[in-house]
Amino acid sequence: TAPPNDCSSSMSDAATIAARTWAPGSWRVLESQQMAEYEDKVLEASVIAKLSKLPPLVQPSECDALKALLAKAAAGEAFIVQGGDCAERFIDCEAERLEAQLKVLVQMGAIVSEATGVPPVVIARIAGQYGKPRSKPTEVVEGHGEIMSFKGDNINGYEPEERKWDPKRLLEGYYHSASTLNYLRSLRMSADLSKFFDLDVGFTSKSATHAQNIQVAAGVKKSAGATTFYTAHEAMQLNLEEALTRPVGDAHYNLSAHMVWIGDRTRQMLGGHVEYFRGIANPIGVKVGPSMKNDELAELVAVLNPNKEAGKLVIITRYGHDKVEQYLPGHIAAVKATGIPVVWQCDGVHGNTITAKSVGLKTRAFDDIMAECTNALAVHRKAGSILAGIHLELTGQETVTECTGGCVCVTEEDLKSNYETWCDPRLNYKQALEAAFTMARELGPICVETESKGSAKRTRKR
């Protein structure tokens, strides 16, 4: 049952926010969750000063182009495939791994496009996804006692001896992001990427959908579609994000990525993250989980997209596969009532993390991940809404064993074979492709709607 509306509190928050004058640093006077606080303030200031003078990593026109594509996805004229590491690692900034990440996402997009007939919008959690919120600021490690939790390479190191928050890592994160983007952009410009579209679906041979997968793979190879991608990350460390925010005409863009999002742990209405996000011109996202009240979401949407821009705001839902039908209908209705356009996306992973008791490792079941995505699709269709895309944590590495299930039949005991992640578990390469095939089947082929002028518009069936 939806909680009762608290209009007085809601209006008070809206009035408080409306009374503020926004600036890239206006978040600083507010409480901000999950941010690292540094002991050496002089060093921190020098790092931020350096970052504020370094070149932007992306261009404003690219951010605008992504916004236009997101608007198409919200209308059913494209589909978003977003994925990548839970938290990137500096040690993974090497050519083979980066190419593998681009390859799996391009292939997933191509699968969805071939099966549905609508173009993909490929967004990578890459070139900046070096920080992660954690449920607890500290943890107990045998032999070291209570130490700071690992919050991503941007903040501290994974080894117990490296857990002190170090502002110099923000510079390292920038340089690794720049290196990543430089390599991936040059790869797209100069390399022969036709191999990306040659799919081996032999791993689905025991699946009832194998013949259909073969047909889709053949179509992918024949069409050899685009390799365009955009970058995105969770903007958690706001001093870093402010340093890479630049004025462009009358607007301000965060030029560390094409899109940034607010996490479910940092979306407090009167907090620093919402304050920062409400003023930037990029397309932005916000994670929405079971704790989000319907009226709170309506209020947040109005604050983050006050000009009602199509493609501006992505609502990324993450409830858990068995909670979608409980929470999503109310959230859809609340947003519809505002009249503000949003882009609905399903995060199939974060609500489905469990601990494998037999081995003591965090994992996610493939079937649970896909159930969240397909359940969300069904709810949107019933509500007359459109699910515009999916958002998954995944890797292009074939041998990783972090999530159970799928056609590759990873068991809990298998998790110990190659459990690489330093944070949350990811789908491996074959599981990621299977996720794309599964979602494509659920989406179904396009329908052709005839407009009043006689031209045809290609959209997914509602």
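**Close-up views of a predicted model**

C407 counts as partly exposed at 24% relative accessibility, where buried means under 20% relative accessible area, exposed over 50% and partly exposed in between, with a 1.4 Å probe and protein chains only. The model is predicted, so that local features need pLDDT of at least 70 and side-chain atom pairs count only at pLDDT 80 or more, while totals for chains, interfaces and linings use all residues. Residues are numbered from 1 along each chain as its sequence is written, and side-chain values use heavy atoms, with hydrogens and water left out. The structure holds zero disulfides, a disulfide being a pair of cysteine sulfur atoms within 2.5 Å. C407 is in no disulfide, and its nearest cysteine sulfur, which belongs to C409, is 7.1 Å away. C409 is likewise in no disulfide, the nearest cysteine sulfur being that of C407 at 7.1 Å. With 52% relative accessibility, C409 counts as exposed.

**View of the packing of helix α4 on helix α6.** Helix α4 (residues 95–116) packs with helix α6 (residues 210–223) at an angle of about 105°, and their axes are 9 Å apart; helices (H or I, at least four residues) and strands (E, at least two) are DSSP runs numbered from the N terminus. Axes are lines fitted to C-alpha atoms, for helices over the stretch in contact, and angles run from 0 to 180 degrees between N-to-C directions. The two helices α4 and α6 are therefore roughly perpendicular to each other, a label for 65 to 115 degrees. On the α4 side, A110, I111, E114 and A115 meet V216, G219, V220 and S223 of α6, contact meaning heavy atoms within 4.5 Å. The residues of this contact of α4 with α6 divide into five nonpolar, two polar and one charged.

The 23 residues of helix α5 (residues 168–190) should span 33 Å at 1.5 Å a residue, and the end C-alpha atoms of α5 are 33 Å apart, which agrees; the expected span is 1.5 Å times one less than the number of residues. The buried residues of α5 include R169, L170, Y174, S177 and L184. Among the elements that cover the buried residues of α5 are α2 (41–51), α4, β5 (230–234) and α7 (238–243). Within helix α2 is found L43, which is partly exposed with a relative accessible area of 24%. Leaving out residues up to four places away in sequence, L43 touches D166, P167 and K168. Although L43 and K168 are 125 residues apart along the chain, their C-alpha atoms are separated by 7.9 Å.

**View of helix α11.** Helix α11 (residues 366–383) has 18 residues and reaches 26 Å from its first C-alpha to its last, close to the 26 Å expected at 1.5 Å a residue. Residues buried in α11 include F366, I369, M370, E372, C373 and H380. The buried residues of α11 pack against β10 (313–317), α10 (324–338), β11 (343–347), β13 (361–364), β14 (387–393) and α12 (429–443). Just after α11, G384 takes a positive phi of about 75°.

**View of V286 in strand β9.** V286 lies in strand β9 (residues 284–288) and is buried, with a relative accessible area of 1%. Setting aside neighbours within four places in sequence, V286 is in contact with W261, I262, R267, L300, L304, L313, V314, I315 and I316. V286 and A388 are 102 residues apart in sequence and 15 Å apart in space, C-alpha to C-alpha.

Notes
Parallel < 35°, antiparallel > 145°, perpendicular 65-115°, else oblique. Nonpolar A, V, L, I, M, F, W, Y, C, P; charged D, E, K, R; others polar.
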